[in-house]
Amino acid sequence: ISTYFQGTYTIFDPLDLTLGLRYQEEERDLKRASLAVANDDGSETPIRQDNTPTLRAYQLSPRVALQYRLNDVSQVYTSWSRAYKSPTYNTVNFFDTPEAVEEEQVDSYELGAKSDLFDGNLRLNGAAFFIEQKNLLTGFVALASGGVVTYDNAGDSEVKGVEAEFTLTPM
């Protein structure tokens, strides 16, 4: 279940404030989680029956952005938002009950500029960004077990960078 709202309010011309909010509830269950061996006659011999906990996530993801229009063709902006990757299970596990993996939280910050120059013939955009991830949810491929993917929380991480783009249409 989720809902999302976003609105933009002009504080004063040319400054806009955008606010967004997403609320999400998620529930995950593993039904009839078990491990069995197939017999020659098509029946199965159960090895293990698992009772896994229900995973529940209640997530509130806000977004805040400011946009300042320098003129009709150029703007600078800044934004912050929060997002999540929901908790999940490691389902391929021969020796133990499927493990739960905690949710990941991501905070994203951006500062940038956009412009269309020379009657729209040149577009220049650039941004600096910073992303902070808590409880980074990462998939690991185990080649020894035939390429089975397992998930784990790999701690915290940060991503920093800049990007720039231009499009030139001379005619």
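The following chat walks through a predicted model of one chain, from its overall build to single residues.

Reader: Before we start, what should I know about how the model was treated?
Author: This is a predicted model, so to speak of local features a pLDDT of at least 70 is needed, and side-chain atom pairs count only at pLDDT 80 or more, whereas totals for chains, interfaces and linings use all residues. Residues are numbered from 1 along each chain as its sequence is written, and side-chain values use heavy atoms, with hydrogens and water left out.

Reader: What is the mean confidence of the chain?
Author: The mean pLDDT, which is the predictor's confidence in each residue on a scale from 0 to 100, is 90 for the chain, and 96% of the residues reach 70 or more.

Reader: And where is confidence lowest, and where highest?
Author: Confidence is lowest in strand 3 (residues 34-38), with a mean of 81, and highest in strand 10 (residues 122-134), with 97. Where pLDDT is low, the predicted coordinates should not be read in detail.

Reader: How many helices and strands are there?
Author: The chain has zero helices and 13 strands, where helices (H or I, at least four residues) and strands (E, at least two) are DSSP runs numbered from the N terminus. Along the sequence, the pattern is accordingly β-β-β-β-β-β-β-β-β-β-β-β-β.

Reader: What about the overall dimensions, say the box the C-alpha atoms fill?
Author: Taken along the principal axes, the C-alpha atoms fill a box of roughly 75 × 35 × 30 Å. The radius of gyration of the chain is 24 Å, while a compact globule of 171 residues would have one near 16 Å; the radius is taken over C-alpha atoms, and the globule rule is 2.2 Å times the number of residues to the power 0.38.

Reader: What share of the residues is buried?
Author: Buried residues make up 24% of the 171 in the chain, with buried meaning under 20% relative accessible area, exposed over 50%, and partly exposed in between (1.4 Å probe, protein chains only).

Reader: How much of the contacts comes from residues 24 or more positions apart?
Author: Among contacts with a separation of 6 or more, residues 24 or more positions apart account for 55%, where contact means heavy atoms within 4.5 Å.

Reader: Where is P53, and what does it touch?
Author: P53 lies in the loop between strand 4 (44-49) and strand 5 (55-69), and it touches R28 and Y89, not counting residues up to four places away in sequence. The C-alpha atoms of P53 and Y89, 36 residues apart along the chain, are separated by 9.9 Å.

Reader: What is phi of F118, and what is phi of N135?
Author: Phi of F118 is near 50°, a positive value in a residue other than glycine, and N135, also not a glycine, has a positive phi of about 65°. F118 is in the loop between strand 9 (104-117) and strand 10 and is exposed, with a relative accessible area of 62%. N135 is in the loop between strand 10 and strand 11 (137-142) and is partly exposed, with a relative accessible area of 25%.
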